[in-house]
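Please go through this structure with the text below beside it.

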Amino acid sequence: MIERKKTRQIRVGDVTVGGDAPVTVQSMTNTDTSDKDGTIAQIVELEAAGCEIVRVAVPDLAAASAIRGIREAISIPLIADIHFDWRLAVAAMENGAQGIRINPGNLGGAQKLAMVVDAAKIHGVPIRVGVNSGSIEKDLLKMHGYPTPENPAALIESALRNVNLLEEQGFTEIKISIKSSDVLTTIAGYRLLSARTDYPLHVGVTEAGGLIAGTVKSSVALGILFFDGIGDTFRVSLTRDPVEEVRVGFELLRALRIRERGPEMISCPTCGRTRIDLFPLAEAVERHLQKMQSRLKVAVMGCVVNGPGEAREADIGIAGGKGVGIIFKKGKIIRKVKEDELLAVFLQELDLMEKERLLDGKG
Ligand code: SF4
């Protein structure tokens, strides 16, 4: 079993991060934040997918001002992502941002940072110290070299230096991230950082790539870190609709049995025994499951010979035959349906099962 490292606890809006709080799934919008309606629409989709904390980029005052209206229309905590301009950080908090992500060292000096910290104290807002491989101070790079899996020290020293700047101002509502686009550097860096601090950690691989590459990189890095007990909140970064980030995030937690959300689907890869057009069927079932809440185990199998048996642990499943499909529950066949009616009938059965589960309070 995974034993999580006990970190300090902070609150982002009404979500607790760190300590024994559940590992939370975050995402970031890719709309223009000053387009209030577009940003709200995307956050509402993210909420429906289960996103628990959302971050928006705040590159200018128009974006900082839009935060007020966005906050009013959404129900998960909103974090403002700010670089360089302390005034934007203050404006974002005045407009209701429940967290800010900054790199304290690039806000233009101690006085400007003090203004940001004062605003954070007044508004009860935590600060994420976010350090990237590309943002490390020159003197640290000179001393430690560019971060590598063998020596990620520059990332850690930069993060801790920035944390120290906040602590000097009497501020400790902090979480930390040290992002690299390299999987091994990410793992080595967070392991080292976790040994040096007990602030909660926001983990992730930055600029991980598209759906396949990004999912693999994030799963490897975060899988290993979570298995080590490291990481309190995370974002899977993908060059895709951010809703996919949330879906991948929950699948990752499910794979490690850290958290579960919604149904789980198992499906076979098909083989020479398959006599049914399984791929579109599996895709349609998967799309349907995304709208469901209960923790059903659903199997979509290519053949009757192995289907129900291999998927015995599934609550409900389909297995293809020649021109027909069978529907089974807990390994037992309950119906045989013509292929062209199979999807519709199966989705009905699924909905029925979900309804029963929710009525029984099993979820
Ligand atoms: S379930 Fe049947 S069709 Fe699918 S891979 Fe196994 S043997 Fe092949």
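Helix axes are lines fitted to C-alpha atoms over the stretch in contact, and angles between N-to-C directions run from 0 to 180 degrees. Helices themselves are DSSP runs (H or I, at least four residues), numbered from the N terminus. The model is predicted, with local features needing pLDDT of at least 70 and side-chain atom pairs pLDDT 80 or more, while totals for chains, interfaces and linings use all residues. Residues are numbered from 1 along each chain as its sequence is written, and side-chain values use heavy atoms, without hydrogens or water.

An automatic or database domain assignment divides the protein into domain 1 (10-255) and domain 2 (264-359). Between the C-alpha centres of domain 1 and domain 2 the distance is 39 Å.

Consider helix α10 (residues 278-289) and helix α12 (residues 339-359), whose axes come within 11 Å and cross at roughly 25°. That angle makes α10 roughly parallel to α12, a term for angles under 35 degrees; over 145 is roughly antiparallel, 65 to 115 roughly perpendicular and the rest oblique. The crossing of α10 and α12 is right-handed, meaning that the near helix is turned clockwise from the far one by less than a right angle. In contact (heavy atoms within 4.5 Å) are Leu281, Ala284, Val285, His288 and Leu289 of α10 with Leu342, Leu343, Phe346, Leu347, Leu350 and Asp351 of α12. Nine of these residues are nonpolar, one is polar and one is charged. Here Ala, Val, Leu, Ile, Met, Phe, Trp, Tyr, Cys and Pro count as nonpolar, Asp, Glu, Lys and Arg as charged, and the others, Gly among them, as polar.

Helix α2 (residues 61-73) packs on helix α3 (residues 86-94) at about 15°, with 8 Å between the axes. That makes these two helices, α2 and α3, roughly parallel. Leu61, Ala64, Ile67 and Arg68 of α2 meet Leu88, Ala91, Ala92 and Glu94 of α3. This contact has six nonpolar, no polar and two charged residues.

How do helix α8 (residues 211-227) and helix α9 (residues 242-255) pack? Their angle is about 40° and their axes are 10 Å apart. That makes α8 oblique to α9. The α8 and α9 crossing is right-handed, and the contact divides into six nonpolar, four polar and one charged residue.

Around the ligand (a heavy atom within 4 Å) are Cys268, Cys271, Arg273, Thr274, Gly302, Cys303, Asn306 and Glu310. Three residues of this shell are nonpolar, three polar and two charged.
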